[in-house]
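Please look over the structure below. The notes that follow take up its loops, a helix and its aromatic rings.

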Amino acid sequence: MMNFLVKTIANAGALAVAVWLLDEITLTGDSTGKEIGTLLLVALIFGVVNVLVKPVVKLLSLPLLILTLGLFTLVVNALMLLLTSWLADQLDLSFHVEGFWTAVLGGLVISVVSWALNVILPDGD
């Protein structure tokens, strides 16, 4: 349970950095508290998408991953971020990613920041 909480906080931090760095990834709210709540909910959605959908997509795209020496992972990460944006829209959360190339760059930022935060934060196991 602690590991899940740490990973959700790391995802929220990584998403916050992506929102801060990229103008076409937006997160809006009436107050700072609502923005933080929205960010945590989007981080939960992002975590669920990465746990349930991403392994299936990676398995189905294995030939492309091998052919591109793993660079297709950037496309998979972008698709997961776009799916998270779509799900957030369906749940009336104010998080939106505008366009595929923004999602590619956002996925790269989120991957790097999430990795760094997971190194810094305690593991909880």
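Leu69 sits in the loop that links helix H4 (62-67) to helix H5 (72-90). The model is predicted. In it, the phi of Leu69 is positive, near 55°, and the residue is not a glycine. Leu69 counts as exposed because its relative accessibility is 78%, and the cut-off for exposed is over 50%.

## Helix H5

H5 has 19 residues. At 1.5 Å a residue they should span 27 Å, and the end C-alpha atoms are 27 Å apart, so the two values agree.

The buried residues of H5 include Phe72, Val76, Met80, Leu81, Thr84 and Ala88. Asn77, Ala78 and Ser85 are buried as well. In an α-helix, with 3.6 residues a turn, residues three or four places apart point the same way.

## Loop after H5

Asp92 follows H5. This residue lies in the loop between H5 and strand E2 (95-97). Its phi is positive, about 60°, although Asp92 is not a glycine. Asp92 has a relative accessible area of 72%, so it is exposed.

## Aromatic pair

How many aromatic pairs does the structure hold? It holds one. Phe100 and Trp101 form this pair, with 5.1 Å from centre to centre. The planes stand at 75°, which makes the pair edge-to-face, because the cut-off for that class is over 60 degrees.

Phe100 is partly exposed, with a relative accessible area of 30%. Trp101 is exposed, at 66%.

Key. Residues are numbered from 1 along each chain as its sequence is written. This is a predicted model: local features need pLDDT of at least 70, side-chain atom pairs count only at pLDDT 80 or more; totals for chains, interfaces and linings use all residues. Side-chain values use heavy atoms; hydrogens and water are left out. Helices (H or I, at least four residues) and strands (E, at least two) are DSSP runs, numbered from the N terminus. Buried means under 20% relative accessible area, exposed over 50%, partly exposed in between (1.4 Å probe, protein chains only). The expected span of a helix is 1.5 Å times one less than its number of residues. Rings of Phe, Tyr and Trp (its six-membered ring) pair if their centres lie within 6.5 Å; planes under 30 degrees apart count as stacked, over 60 as edge-to-face and the rest as tilted.
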